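Here is a short briefing on one protein model and its ligand. Look at the structure first, then read the points below.

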Amino acid sequence: MFIDYAKARIKAGNGGDGVVSFRREKFVAKGGPDGGDGGRGGDVIAVGDENVNTLITYRYTQLYAAGNGKNGSGSRKTGAAGENVYMRMPLGTQVFLLKEDGKKIKLGEITQHGEELVLARGGRAGKGNSNFATATNQAPRHATLGKKTQEQELELVLKLMADVGLVGFPNAGKSTLLSVLSSARPKIADYEFTTLEPMLGVVKGSDYRSFVMADIPGIIEGAHEGKGLGHQFLQHIQRTAILLFLIDINTPDPIAAYQTLRSELYLYDKYLDTRPFIVVISKMDTVADPDEAFAPIGKAFKEQFNVDALPISAVTHLNLDKLTHRIFELLDEQ
Ligand SMILES: Nc1nc2c(ncn2[C@@H]2O[C@H](COP(=O)(O)OP(=O)(O)OP(=O)(O)O)[C@@H](O)[C@H]2O)c(=O)[nH]1
Ligand SMILES: [Mg+2]
């Protein structure tokens, strides 16, 4: 299941205590102080993982607690440090700290594989009495305690990171296109709202280049105010570099369809509307005379928006090379 919002509780490890101890050896009447320091507590650390695509694990595990530092011991032995705990997160996860007073503080954002972000630092260790010996007090009887840490609450918000976002009405052929261009295997079916959750696919070009394409549920008029499924997923194309509008050649009025899609994006986020984009007319194999069917549509896009719409077919692969080529070109310009 795809989950793009979760809460989690975290706790860094307590610092271990320093101890009071004195050297006890045969023939040494009064040994000096030798109480060691505690170990520091473990950190709670977020790590970017490109193989994780959802925040679902955070729905199930409630508390991420790092190990406590061990107390020090005699002979100046320092206690072992507490183990760090790692929270693997999908790329594009924003992490917020929820304060008790209701305030939210952004701790950061995970954008790269392997990137680490310390969410809570382990408690500092206490000092053993061996640290406190001075010329006037050679047998100090005090040590300090390690710092105890508090549990904290996090909010995790995932906005998928992709280069290209697919935008279209339900059933336009978005998932089919993704399945043909990449190794992603989204569900495809001849009914609306087949895609219920976003999916990413890597599209490989020639010469080892690639881009990531995001398929999201279809958008309908009113999506920006929650109609259909589109609205809650529009956030996942908010950060794509370019948008790919997909319009079925069989749509009664492709221009009106395009305008509806654009206005839904604009109403959701006016910056989405300024994103570079490509318009494709899909399912060209379904019309008897593709050239004749496309000509008036292509002309209208050119005249009204100065847009070169591209006729494609995911089934016959018509113009798919041209499409990836255009995408690479547009990405290069960013
Ligand atoms: N003939 C033909 N059929 C296509 C083409 N692309 C998609 N289809 C069919 O159109 C139907 C819808 O395709 P999907 O890829 O599921 O459409 P979608 O845009 O992802 O739909 P939602 O997930 O519901 O928004 C399926 O039956 C596909 O087989 C195409 O290029 N040619
Ligand atoms: Mg789909």
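**Ligand and sheet in brief**

In this predicted model, a polar backbone atom of A172 lies 3.1 Å from an oxygen atom of ligand 1. That is a polar contact (a pair of N or O atoms within 3.5 Å; within protein, one must be able to donate a hydrogen and the other to accept it, and residues adjacent in sequence count only if both atoms are side-chain atoms).

**Ligand 1**

- K174 brings a polar side-chain atom to 2.7 Å from an oxygen atom of ligand 1.
- T194 has a polar backbone atom 2.8 Å from an oxygen atom of ligand 1.
- Alone, ligand 1 exposes 640 Å², and the protein buries 87% of that (Shrake-Rupley method, 1.4 Å probe).
- Ligand 1 has 23 residues around it (a heavy atom within 4 Å).
- Of these, K174, T176, F193, T195 and D285 come nearest.

**The sheet**

- Six strands form an open sheet with mixed pairing, in the order β10-β11-β9-β12-β13-β14.
- Strands are DSSP runs (E, at least two residues), as are helices (H or I, at least four), numbered from the N terminus.
- β10 (199–204) and β14 (310–311) are at the edges with a single partner strand each, so one side of each has no neighbour in the sheet.
- Strands pair if DSSP finds at least two bridges between them.
- β12 (residues 242–248) and β13 (residues 277–282) pair in the parallel sense over six bridges.
- D248 has S282 in β13 as its bridge partner.

**The helix**

- Helix α4 (residues 254–268) packs on the sheet and touches β9 (164–168), β12 and β13 (heavy atoms within 4.5 Å).
- The direction of α4 makes about 145° with that of β12 (lines fitted to C-alpha atoms, for helices over the stretch in contact; angles run from 0 to 180 degrees between N-to-C directions).

**Conventions**

- Residues are numbered from 1 along each chain as its sequence is written, chains are lettered from A and ligands numbered from 1 in the order written.
- Local features need pLDDT of at least 70, side-chain atom pairs count only at pLDDT 80 or more, and totals for chains, interfaces and linings use all residues, while side-chain values use heavy atoms, leaving out hydrogens and water.
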